[in-house]
Amino acid sequence: MSVVLSSEEFNAKVLNGTGKVLIDFFATWCGPCRMIAPFIEEIAEEKAGEVEVYKIDIDQSPDIARQFGIRGVPTLMVFEDGKPVSQMVGAQPKAQILQMLG
Amino acid sequence: MTNLQVDKDPRVIDVAIVGAGPAGMTAAMYASRAGLEVAMFERIAPGGQLAQTEHLENYPGYAQSTSGFELAMSMHEQASIFGAKLVGEEVLSVDFSVEPKRIDTAFGEYRARSVIVATGARPTRLGLPLEAELQGRGVSYCATCDGNFFRGVDVVVIGGGNTAAADALYLSRICNKVYVVHRRDQLKATAIYHKRLADIENIEFVWNSEVVKFLAEDGFLEAVRVRDKVSGEERDISCNACFVAIGTTPNTEFLAGALQLDQTGYIFADEQGRTAIPGVYAAGDVRQKELRQVVTAVADGANCAEAAAEYLHE
């Protein structure tokens, strides 16, 4: 799992990527984001090779957040072959995040 | 967070605590410190509503105010030190008519000699069309989480209690203009907020009014329609975000009749947190009470743990 910083990196790894990608749009000052952060790490480990997991700090990468109309954190988005397929806003149980990944 | 899985076999937990907010974590600390085996069941992660509070300026002992998240993590650490375990599973149903009492999660069945319900409350939804669709697209229940997305634009806060007042104060530092829409002609919030808010230039009160409609464009909130309850007149306030702070709803659906609730869903309990069922207690925002604060939640947690310890020693 890694933190994506630039739009170029995002385009290359997510939009032009293949397979399933989970994106966690977060902010360092957001309590619920910090509450679910451990789940995101666990999912990245458990689903290694199956799902790519990236975190986007919305203060560091406001352009990416804007591109997807993110107006709340945490927002979790799932991409498949570069296309957004589902989205959840707010802290969610780990089981629900896994369910979203299918 | 380390999820220490409790052995799911016939082993019986002394004290099962449902919910790991301030009340649950304090109950866990007291009960485990009293030598009891304690498991906290939590659907998301420890902290509850406290973890999303920007800062607390009225928690005793923190004169310089403290971050809600840091305080919550510290409470969890403190409970862990005395041996309380965290089970990261949502409790879906309970059966208090059997001994030991039964708790079911999506992952299995647990048995406990006593149960402390500390599931707290969640922000109440307005129940308007588009509300769910616009969550994360302009409609929010957490100003400190989402306020930063609305730097320099106009926003609306609905409500007149302490949460609405704190939200308006926080947002006034970030946003261009903050409209506070309240159904009464004055705030219900603690007196200290009244003057503070009145002194802020970019806060405008919309008294005796309620939001009756969310207006969206391209999937994002554009305005709210407000009705003046006195004149009956309606007008649209254009805004990029609307923060709903109209109170809380208790998380008691999972009890499904296992405990007696009041009309609004809060659990009846006595001063020590005892419900009508021996060995079952209620602590924090989920119980019927006058003042719902972190400081009263932790007090409830301590009382319930003591009551449970007493019950188990009988």
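Helices (H or I, at least four residues) and strands (E, at least two) are DSSP runs, numbered from the N terminus. By that count, chain B has seven helices and 19 strands, while chain A has four helices and five strands. This is a predicted model, in which local features need pLDDT of at least 70, side-chain atom pairs count only at pLDDT 80 or more, and totals for chains, interfaces and linings use all residues. Residues are numbered from 1 along each chain as its sequence is written, chains are lettered from A and ligands numbered from 1 in the order in which they are written, and side-chain values use heavy atoms, without hydrogens and water.

**Chain B**
- The radius of gyration (taken over C-alpha atoms) is 21 Å for chain B, close to the 20 Å that the globule rule (2.2 Å times the number of residues to the power 0.38) gives for 314 residues, so chain B is as compact as a globular protein of that length.
- Along the principal axes, the C-alpha atoms of chain B fill a box of roughly 60 × 40 × 35 Å.
- Of the 314 residues in chain B, 51% are buried (under 20% relative accessible area, with exposed over 50% and partly exposed in between; 1.4 Å probe, protein chains only).

**Chain A**
- Along the sequence, chain A follows the pattern β-α-β-α-β-α-β-β-α.
- Buried residues make up 54% of chain A.
- Among contacts (heavy atoms within 4.5 Å) in chain A with a separation of 6 or more, 71% join residues 24 or more positions apart.

**The largest nonpolar core**
- A nonpolar core is a set of buried Ala, Val, Leu, Ile, Met, Phe, Trp, Tyr and Cys residues joined through side-chain atoms within 4.5 Å.
- The largest one has 53 residues, of which Leu22(A), Met40(B) and Ile116(B) touch the most other members.
- Helix 7 (residues 294-313) of chain B supplies the largest share of this core, nine residues.
- Leaving aside neighbours within four places in sequence, Met40(B) is in contact with residues including Ile17(B), Met25(B), His76(B) and Leu86(B).

**Pro250(B)**
- Pro250(B) lies in strand 18 (residues 248-250) of chain B and is buried, with a relative accessible area of 4%.
- Not counting residues up to four places away in sequence, Pro250(B) touches several residues, among them Gly120(B), Arg122(B), Tyr266(B) and Val286(B).
- Thr124(B) is 126 residues from Pro250(B) along the chain, and their C-alpha atoms are separated by 9.0 Å.
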